[in-house]
Amino acid sequence: MAEQEPKELLEMSTDTERLLEENDLRPLWEVEKDFGNQFGGFEADIWKWEDIQASIDAIERDVPIADLPPGFQRRVAVPVNTGYRNAISNTIYVGVQTVSPGETAPAHRHGANALRFTIDGSEDMKTVVAGEEFPMRDNDLITTPQWEWHDHVNDGDETAAWLDVLDLPLVLDSLNARNTFENHELDRQPVTKSQGYWESQYGRARPFEDTKEDGIPGPFEGNCAATPPYRFSWKDTLQTLRQRADNDDPDPHDGYSLSYVNPATGQPPLFPTMSFRTQLLQEETDPHFHNAVDAYFVIEGEGATHVGDDVLEWSERDIFVIPPDEIHHHDPDGEAILLGMTDRPVFEAFNFYAEAEPSG
């Protein structure tokens, strides 16, 4: 006779069961099995660039931005993880957005933190944030902080494409809250700042009066310094990454890694809810696991990432995701550079973050 589980030996009388049901109560041993079911479909997954490219090209042919409903005037293909219907994970949204020559993605603002990482850009493709035009050159990273007006304007003659990364699923799904949102009265917000203004305010020398203002933009309050609008030039980032590779030892799990810091503090994370890094891989990394989500965009090179029993073979511009608590390591074919995205700051804020190497 098979040995029964302790829970199976627990029997309640019919009266007790009826009493619990009438009062919307359940015993812990029954509730326990339903904890975390919303994450049950989360798997290691990869989206190949050739498939993404074909999809965004098709969407561009079929759907002018002007035909989209107000508030959703963004032409985006969204990678959706197994078990989800709206995002790559339950905390991070990644999308691939395009703007055709002469088009404007109209101005709006929202409570979610967001950034753009340029895939196909140019000097004539600009995202306008808080009154400043930021050129979108290849592999530039541009922040769109909470409650700052932003629109995307393509004055060039080629379609532009970039990654959108937001913490929308954390707000809408995990926290079951609303994404505070507002459309601008104009498609293009007025450009009120000269190009380079926001960078000038967050360099080594800063206006004294601004150093005392730590409030998060708009109606939001918290205990973190607000993330300002900022453009991280890929030219400068790559130079720093190469210097690190020429002078330092690699991290055993992440290779040569650089964090994108909050310009207001000079420290990571870039946003209170998401952290970003660029990683230069030159050799196979050591296995480890952690309870945060890791998503990646392949900037250069090719290789494979081993996740549990799965092998995700990737090449330039592919997107892939590693679920929490899965043992994983990277194995580049030669040299590769990745953009890493994670919800680790959420766990660190509550002292919940955990990371370790496998013991076996």
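Leaving aside its neighbours within four places in sequence, which residues is glycine 334 in contact with? I found Leu281 and Gln282, where contact means heavy atoms within 4.5 Å.

I noted the ground rules. This is a predicted model, where local features need pLDDT of at least 70, side-chain atom pairs count only at pLDDT 80 or more, and totals for chains, interfaces and linings use all residues. Residues are numbered from 1 along each chain as its sequence is written, and side-chain values use heavy atoms, with hydrogens and water left out.

Next, I placed glycine 334. It sits in the loop between strand E20 (328–332) and E21. Strands (E, at least two residues) and helices (H or I, at least four) are DSSP runs, numbered from the N terminus. Glycine 334 counts as partly exposed because its relative accessibility is 42%; buried is under 20%, exposed over 50%, and partly exposed lies in between (1.4 Å probe, protein chains only). I also checked valine 129, 205 residues away along the chain: the two C-alpha atoms are separated by 38 Å.

Then I turned to the sheet. It is open, with 6 strands in the order E1-E19-E16-E21-E14-E13 and antiparallel pairing. Two strands pair if DSSP finds at least two bridges between them. The edge strands, E1 (45–47) and E13 (256–259), each pair on one side only.

Last, I looked at one pair. Strands E16 (residues 294–300) and E21 (residues 336–342) run antiparallel, joined by 6 bridges. Tyrosine 296 has glycine 340 in E21 as its bridge partner.
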